[in-house]
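Thanks for coming. I will take the ligand site to begin with and then the sheet. Please look at the screen.

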Amino acid sequence: MSFALEELFVEAQKAALSAYAPYSRFRVGAALIGADGRIFTGCNVENRSFGLTICAERGAVMYAVSQGCRSFTALAVAALDSLVPIPPCGACRQVLSEFMPPDARVYFGGSSSKRVDTTIGVLYPFDSLHDLAL
Ligand code: THU
């Protein structure tokens with residue numbers, strides 16, 4: 001599994017090259033594997049009104065759902081301009097939890113070889129969709 005996750009990370013690195021990040025100069029790419037095996041990528045897209053910036057992870061989710069895929073088994077996030085691995089922000093964790101089961105893998109890294117391999121359930125525990133279902 002870790003080799004496949006590293007391959008997914010390479011897709012995230014490639015997606016990060018498309019980042020529109022003139023304000024932060026912090027390029028991020030995300031790659032999701034759909035339950036149907038398709039891979040969907042996204043990059044961060046900033047705006048001069050900073051609060052309108054969309055993270056790479058949410059960009060990938062919007063793209064995937066618009067292509068008919070609503071369930072993901074793994075996500076990789078590549079932060080090209082960070083030495084340390086960068087996890088999804090809180091807003092992205094909430095959005096990801098809508099379409100990922102708690103055991104779905106989240107794998108992230110920066111520009112070094114260090115990776116963090118965890119799950120959306122660890123990053124966003126006790127969510128109202130999966131944990132409060134009657
Ligand atoms: N960013 C992401 O795209 N994903 C993350 O996980 C962390 C932050 C973007 C948002 C903004 O364009 C830049 O990185 C700096 O925060």
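This is a predicted model: local features need pLDDT of at least 70, side-chain atom pairs count only at pLDDT 80 or more; totals for chains, interfaces and linings use all residues.

In Glu46, an N or O atom of the side chain is 2.5 Å from an oxygen atom of the ligand. Glu57 also uses its side chain: one of its N or O atoms there is 2.6 Å from a ligand oxygen. Ala56 takes part through its backbone, where an N or O atom lies 2.9 Å from an oxygen atom of the ligand. How much of the ligand's accessible area does the protein cover? On its own the ligand has 370 Å², and the protein covers 79% of that.

On to the sheet. This is an open sheet of five strands with mixed pairing, and the order is β2-β1-β3-β4-β5. Which strands are at the edges? They are β2, residues 39-43, and β5, residues 115-119, and each of them pairs on one side only. On average, neighbouring strands are turned by 15° against each other, if direction is ignored.

Helix α2, residues 56-66, packs on this sheet. The helix touches β1 (28-34), β2 and β3 (72-79), and its direction makes about 135° with that of β2.

Let me go through two of the strand pairs. β1 and β2 are antiparallel, with five bridges. In this pair, Ala30 stands opposite Gly42 of β2. The hairpin that these two strands form has four residues between them, and Gly37 takes a positive phi there, near 90°.

I can take questions now.

Note on methods
Residues are numbered from 1 along each chain as its sequence is written. Side-chain values use heavy atoms; hydrogens and water are left out. Two strands pair if DSSP finds at least two bridges between them. Axes are lines fitted to C-alpha atoms, for helices over the stretch in contact, and angles run from 0 to 180 degrees between N-to-C directions. Contact means heavy atoms within 4.5 Å. A polar contact is a pair of N or O atoms within 3.5 Å; within protein, one must be able to donate a hydrogen and the other to accept it, and residues adjacent in sequence count only if both atoms are side-chain atoms. Accessible areas come from the Shrake-Rupley method with a 1.4 Å probe; for residues, only the protein chains shown count as cover.
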